[in-house]
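Welcome! Let us take a short tour of the aromatic rings and a helix pair in the model below.

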Amino acid sequence: MQIPSVTEDVLAAAREGGKDADKYLDRYVNLLSRFGENDDVKRLGLAEVLSLASDPAVKVSALGKLGDMPLMKCFLLAGKYLDDSAESVRFAAADAVRKIASQCKEEINYDDFKGSLEKAAALYRTRGLADDGYAVDEIGKMLSEAKPAPRSELTAEEKARGFEMLFDGSDLSKWHGDKEGYTVVNGAILVSALYGSTGNLYTNRQYRNFVYRFEFCFLEEGVNNGVGIRTPENVDAAYHGMCELQILDHDAPQYAGWLKDYQVHGSIYGIVPAKRLKHKPLGEWSTEEIIVEGDHIKVTVNGEVITDANVRKVTQGGRKATIDGREHPGLFNRKGYISFCGHGAGLKIRNVRILDLGEKK
């Protein structure tokens, strides 16, 4: 069911502030729960309510609705309000995280799971109502069954060569961009980012020449993502970066009959087709190494070289001389960020590390 325009009008009135802002927000919560077209829309709407509301009762109402959606991102959002200044809001957040944790079928990052539930249990103990003891016991059982994920580590060879770990499974402190669409879950980055320049995750540093290694896992058919090379922020890396290297489940039925050779996994999108590989089954991890030196790019997946090309040579030095017939103005960028380019959900990434080869070439 589509959200009627009056719902957005109510939210717009709340954004303007004034003495009636909380009244509008409360109305918006009720409309959102009735007409929200999907859980992401409702969650994002409730997130805005929680950020705008000054009346604790409105926050309590929003947290109550959030607790009815047993999703990982709803758990993370509710957990932010366990330290709210209003006691009623803190307990509403505790109820929400406990309820979501008990029903959620998605993975929740262990550190977030443990931290929020321990805070919730402490709140229940402090209040000490008749049912709070049951809540504490329920949380204790959930915590006893949760296990931390191992952290990724550099190999001895990588340490000796000077590799840096960009993501070891703990946090995204070495990254910026769409951290809503790239969420740390038990040692991996779970991708839900949608297509577009705002759905990208970028390294904090820019690079010219490098060896880039990571592992990836497809969770569902048709996964589509990419690695942006020497790209500026907030652009389409396939064109305004040096290039985008495809991360694609190219054998999925939805691509049959129309996928171009330069779109398969590992291709330099629109410029150089990759050797078509057979992906591992859903849920199994693969390794990928990308080496970029000057105009040369080499891609190896599970030990097999699938792309090995000099982009200046294959295009005769022209940004328009590409097999997709489109202009690639960033093709010869000298430096830029490395990014993951979101095109939808269903991908996990882990063990991301890099060797900076410097500025030469």
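## Rings, charges and a helix pair

Y207 is buried, and F210 is buried too (under 20% relative accessible area, with a 1.4 Å probe and protein chains only). This is a predicted model, where local features need pLDDT of at least 70, side-chain atom pairs count only at pLDDT 80 or more, and totals for chains, interfaces and linings use all residues. Residues are numbered from 1 along each chain as its sequence is written, and side-chain values use heavy atoms, leaving out hydrogens and water.

Searching the whole structure gives 13 aromatic pairs. Rings of Phe, Tyr and Trp (its six-membered ring) pair if their centres lie within 6.5 Å; planes under 30 degrees apart count as stacked, over 60 as edge-to-face and the rest as tilted. Here are two of the pairs:

| Pair | Centre distance | Plane angle | Type |
|---|---|---|---|
| W175 and F340 | 5.7 Å | 25° | stacked |
| Y207 and F210 | 6.2 Å | 70° | edge-to-face |

W175 belongs to strand β2 and F340 to strand β12, 165 residues apart, so this pair links distant parts of the chain (strands are DSSP runs of E, at least two residues, and helices of H or I, at least four, numbered from the N terminus). W175 and F340 are both buried. One aromatic cluster takes in W175, Y207, F210, Y212, F214, F216, F218 and F340.

Elsewhere, the charged end of R326 sits over the ring of Y239, 3.9 Å from its centre (NZ of Lys or CZ of Arg within 6 Å of the ring centre and within 35 degrees of the ring normal). R312 lies over the face of F332, 4.0 Å from the ring centre.

Finally, F75, L76 and G79 in helix α5 meet D112, F113, S116 and L117 in helix α7 (heavy atoms within 4.5 Å).

Terms used:
Buried < 20%, exposed > 50% of the residue type's maximum accessible area, 1.4 Å probe, protein only.
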